[in-house]
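Please read the following note alongside the sequence and the model. The points are numbered so that each may be answered separately.

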Amino acid sequence: MVQFKETSLAKVKEIIARYPSGKQKSALLPVLHLAQVEFGGWLDVPVMDYVAGLLEIEPIEVYEVASFYSMFNLKPVGKFLFEVCQTGPCMLNGSDNIIDYIKQKLNIGVGETTTDGMFTLKTVECLGACGYAPMMQFGKTYREHLTKEKVDAIIEECRAKAN
Amino acid sequence: MARKLLLEKAHVEGIRHYDVYRREGGYRSVEKALKMQPNDIVEEVKKSGLRGRGGAGFPTGMKWSFLAKPDGVPRYLVCNADESEPGTFKDRYLMEFIPHILIEGMIVSSYTLGSNTSYIYIRGEYDWITDILEQAIAEAKQNGWLGKNIQGSGFDCEMYVQRGAGAYICGEETALLESLEGKRGNPRIKPPFPAVKGLWGCPTVVNNVETLAAVVPIMNIGADEYAQIGIGKSTGTKLISACGNINKPGIYEIDMTISVEEFIYSDEYCGGIPNGKKLKACIPGGSSVPILPANLLLTTAKGEKRLMNYESLSDGGFASGSMMGSGGFIVLDEDQCIVRHTYSLARFYRHESCGQCSPCREGTGWMEKILLNIENGKGKISDIDLLWDIQRKIEGNTICPLGDAAAWPVAAAIRHFRDEFEWHVNNPEKCLTENFGLRHYADPVHVGV
């Protein structure tokens, strides 16, 4: 059964208290972020149904939101997610080469996960780091001014973390 | 050296934290505001000439004066920190390094508008900045600037940060409010405007991060002094995020009297184009505004030097001008392919269209496909006319401005660089390995420098 741990449940309560009473649906995006972190990096249907129950809304209200926003993953992803920006300003600074390099290095296509379940490669649209291009989102923060060497180092860093 | 109002203290060590920020004069504007009548603050902001820094450039004081104030109905201030316009990364800088200036500006604005609960809606990807803002809010609260009866004024003010989850459209203010209510980011039909029916149906003001931060210097130095900086209706300072093919990408706080040429070539700002390359084109205000070839960028149709401000950047209309927009300044050097770049932007808008209006939903996808064909040497001359036709049918025919934002980059690329598109069509093999290059789009002054 899907169930948030106690600290997350307390966090959900705290988030709901930010809005006027009866407007707890406003907590949906923050709670889905919490759920995605806690339940393996993606939102499975039972997870979304659980969130609907917590916020006292219909499951469809959760599905339609989860499917609208690109940060919510509706299929499993690897332990480490590389989200590389491909929009104009990054493209001017060689993001295509970085994407190709990651594909070749990890032997996966865009949207795919390595067979060991370690890495997923996603391309994303502008993340607001245009002056520090090329870049990718990696966990909570950004990795910027990417080069092939930096990509190698990030992959090594992930492998070290996993061991 | 231009006067700094927002970034003056950006390099003071520890300015991110309350103690240092306060020691450097932080929160003085709140002390001043709490002794004033809210209406007088609205007048002060009107007098300052401050215009919305998110992209539309609408006068902030006027927007505030539209806020409905029915009895017994809460009012809300929402900060738009959904910075997503390609080329724009200025709000991120403010929030990441000087978070208290936003909190301070929001407290003054909340008091002015009578908002007892205010929200910062930040793009979901700025996850670590959310932590920084929440820390700053907690510090402000511990020191009596937020919470019940702030500084003994009788005014209650709470502030919360809400993360989006990856949707450009949520930068449109009514889509943002939908998202804040826990829904898909579908823009609302206006009217009613948020000033009358906004968050949860209550009167709401939505302002950009930089706009709210600018309230702090306006209160501190006074509207008259603020209005003297800049030129015409472009008062105060503006943050420009510069990127693309320049030596010194980053955030610059400018006085809006400097020329575009100085901004690109001076060492104080972008520092010129790397590797001795020449300037080909520029998108001066975020990806949605028209791209201009170098000659039109630096000089207006009247033959005057183009300046970095609202009026000068739009001089000549779309025929020969562009827009200030969000201040996302994207520079393209002589090696860049206009077709490929336009395709990249078209892909962006297709990805970000919410899908409500058919001209935008269908049109953005169609434009992306045609542009990819032309880029790959599979286009026809009639495709260029078709692109022109599609963008015209999107513009002005959608609920929100995303349709226009998707149409304008394509229109401007064809308007100014049609022969580069035709070259792609006529050279289907060559265009895969070679670039059209600079040709006559060169900047007449700096060619050969």
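**Notes on chains A and B**

1. In chain A, buried residues account for 39% of the 163 residues, where a residue is called buried if 20 or more other C-beta atoms lie within 10 Å of its own, exposed if 12 or fewer, and partly exposed in between, with C-beta atoms placed from the backbone. This is a predicted model, in which local features need pLDDT of at least 70 and side-chain atom pairs count only at pLDDT 80 or more, while totals for chains, interfaces and linings use all residues. Residues are numbered from 1 along each chain as its sequence is written, and chains are lettered from A and ligands numbered from 1 in the order in which they are written.

2. Chain A contains 7 helices and 4 strands, these being DSSP runs numbered from the N terminus (helices H or I, at least four residues; strands E, at least two). Read from the N terminus, the elements follow the order α-α-α-α-β-α-α-β-β-β-α. Along the principal axes, the C-alpha atoms of chain A fill a box of roughly 50 × 35 × 25 Å. Of the contacts in chain A between residues at least 6 apart in sequence, 55% join residues at least 24 apart; a contact here requires C-beta atoms, placed from the backbone, to lie within 7 Å.

3. Chain A is split into domain 1 (6-66) and domain 2 (80-162), with bounds that come from an automatic or database domain assignment. The centres of domain 1 of chain A and domain 2 of chain A, taken over C-alpha atoms, are separated by 29 Å.

4. Once neighbours within four places in sequence are left aside, Glu38(A) is in contact with Phe4(A) and Ser8(A). Between Glu38(A) and Val77(A) there are 13 Å in space, C-alpha to C-alpha, and 39 residues in sequence.

5. The strands of chain A include an open sheet of 4 strands in the order β2-β1-β3-β4, with mixed pairing, where two strands pair if DSSP finds at least two bridges between them. Its edge strands, each pairing on one side only, are β2 (119-124) and β4 (141-143) of chain A. Neighbouring strands of this sheet are turned by 30 degrees against each other on average, direction ignored. Strand β1 (residues 80-85) of chain A runs parallel to β2(A), and 6 bridges join them; Phe80(A) has Phe119(A) in β2(A) as its bridge partner. Helix α6 (residues 95-106) of chain A packs on the sheet, touching β1 and β2 of chain A, and its direction makes about 155 degrees with that of β1(A). Axes are lines fitted to C-alpha atoms, for helices over the stretch in contact, and angles run from 0 to 180 degrees between N-to-C directions.

6. In chain B, an open sheet of 4 strands has the order β3-β2-β1-β4, with parallel pairing, and β3 and β4 of chain B are the edge strands, each pairing on one side only. On average, neighbouring strands of this sheet are turned by 20 degrees against each other, direction ignored. Strand β2 (residues 115-122) of chain B pairs with β3(B) in the parallel sense over 6 bridges, and Ile120(B) stands opposite Val161(B) in β3(B).

7. Which residues cover the two sides of β4(B)? Thr204(B), Val206(B) and Asn208(B) lie on one side, Val205(B) and Asn207(B) on the other, and all are buried. Strand β1 (residues 75-81) of chain B pairs with β4(B) in the parallel sense over 5 bridges, with Asn208(B) as the bridge partner of Asn80(B). Helix α9 (residues 209-221) of chain B lies across β1 and β4 of chain B, at about 90 degrees to β4(B).

8. Between the chains, 44 residues of chain B are in contact with 33 residues of chain A. On the side of chain B that touches chain A, α15(B) gives the most, with 6 residues.

Technical notes
Two residues are in contact if their C-beta atoms, placed from the backbone, lie within 7 Å.
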